[in-house]
Amino acid sequence: MPELPEVEVVKRSLKKKIQNLRIKKVKINDSNLRYKIKSEEISKLIGKKIKKIERRSKFLIFKIDKKLSMLVHLGMTGKFFFINKNSQKFKTSFYYDMKKKDEKHDRVIFFLQNKQKLIYNDVRKFGFIKFYNPSKYYQNLHFKNLGPEPLSNECNFNYFKKYLKGRNRNIKDVLMDQKCISGLGNIYVNEVLFLSGIKPTRKVSKLNDAELKNILKNIKKVLKNAIRMGGSSIKNFSSDDGKKGIFQQHFKVYGKKGERCSNTDCNTKLVRIVISNRATFFCKNCQK
DNA sequence: TTCTTTGTTCCGGA
DNA sequence: GTCCGGAACAAAGA
């Protein structure tokens, strides 16, 4: 699922492919994504250049001009494809299996200059495409409550400690909360807590400074590592060459219920519990 | 048919 | 007003 690292990788890939290209036409195959796409809004893109592509948390921002930015959230299964002038298809995300024929889920097609195309494909339609005025960035519903970027200097021990003061939630829910730190999702929170040796149900009021520092350190480590792997796994291959380049994620706990803990000298079976309606995986022996 | 998956928003109670 | 947990929502594959 696209969390911060995946979205960052998509951003870097899109930047290489479509930055500074002009939009000639937009075809909406299905306007009913998470939010309805209004054709009068999307028509404002016609004739404009995609000047810059940025990421904030799990949101992609396509900067068009002073009054217009396009906001894209990939939801669970959102992804982009780029088709070049020789009709070669490129994926822009590493968690997607190119072998699957799912062109029926191509929701929006952006026709670019030189007969190039950008396709937004989304099987489950939990993603969305919206437009906003960048001068009102801080008032935007999606941005105004976001905590700091986890890889920024702003996301440091002092901030974390201050945020947690007076709170008594469990650590997993806090890390999932975008108001605390923005960009983490279920998968990476599970991994971070495993690496930190912290049980997901621990109350934040019971965590000491060393544990908090360790959690922060591991957040940065896990995200950086995932971006690095994602970045290096993006191969420019065409759809009929889909076998190679499929990136194998290797998580230590996520989705591994019943498997043995990977820590040296620990052979404990990993367990799955549910916290706030989310699958949670951990090692009872290593996470306290 | 039911269950599972996810990020985000909204709402009620403390 | 703030905090927190739970529910709702979207769609589709197994």
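In this predicted model, the side chains of Lys11 and Glu8 form a salt bridge, with an N to O distance of 3.2 Å. Both residues belong to helix α1 (residues 4-18), where they are three residues apart, about one turn of the helix. Lys11 is buried, its relative accessible area being 14%, and Glu8 is likewise buried, at 7%.

Glu149 and Arg55 are joined by a salt bridge whose closest N and O atoms are 2.9 Å apart. Through shared partners, salt bridges connect Glu8, Lys11, Arg12, Arg55, Arg56 and Glu149 into one network.

A further salt bridge brings together the side chains of Asp30 and Lys125, at 2.5 Å from N to O. Asp30 is in the loop between β1 (23-28) and α2, and Lys125 is in the loop between β8 (116-122) and β9 (128-132), so the pair ties together parts that are 95 residues apart in sequence. Asp30 counts as buried, at 15% relative accessibility, whereas Lys125 is partly exposed, at 25%. Across the whole structure, 15 salt bridges are found.

Arg22, Lys24, Lys49, Lys51 and Lys66 form a positive surface patch. Of these residues, Lys49 is placed in the loop between α2 (39-42) and β2 (52-56) and is partly exposed, with a relative accessible area of 33%.

Attention now turns to buried elements. Phe81, in strand β5 (residues 78-83), is buried, with a relative accessible area of 2%. Its C-alpha atom is separated by 6.7 Å from that of Tyr120, a residue 39 positions away along the chain. Helix α5 (residues 186-196) is mostly covered, since ten of its eleven residues are buried; among them are Ile187, Tyr188, Val192, Leu193 and Phe194. Gly197 follows α5 and has a positive phi, near 70 degrees.

The cysteines remain to be considered. The structure contains zero disulfides. Cys261 is in no disulfide, because the nearest cysteine sulfur, that of Cys286, is 3.7 Å away and a disulfide requires sulfur atoms within 2.5 Å. Cys286 is also in no disulfide, the nearest cysteine sulfur being that of Cys266, 3.6 Å away. Cys261 counts as buried at 6% relative accessibility, while Cys286 counts as partly exposed at 21%.

Methods. Residues are numbered from 1 along each chain as its sequence is written. Chains are lettered from A and ligands numbered from 1 in the order in which they are written. This is a predicted model: local features need pLDDT of at least 70, side-chain atom pairs count only at pLDDT 80 or more; totals for chains, interfaces and linings use all residues. Side-chain values use heavy atoms; hydrogens and water are left out. Patches are made of residues with over 30% relative accessible area and no salt bridge: like charges are joined within 9 Å, nonpolar side chains (Val, Leu, Ile, Met, Phe, Trp, Tyr) within 5 Å. Accessible areas come from the Shrake-Rupley method with a 1.4 Å probe; for residues, only the protein chains shown count as cover. A salt bridge is a side-chain nitrogen of Lys or Arg within 4 Å of a carboxyl oxygen of Asp or Glu. Lys and Arg count as positive and Asp and Glu as negative; His and the chain ends are not counted. The place of a charge is taken as NZ of Lys, CZ of Arg, CG of Asp or CD of Glu. Helices (H or I, at least four residues) and strands (E, at least two) are DSSP runs, numbered from the N terminus. Buried means under 20% relative accessible area, exposed over 50%, partly exposed in between (1.4 Å probe, protein chains only).
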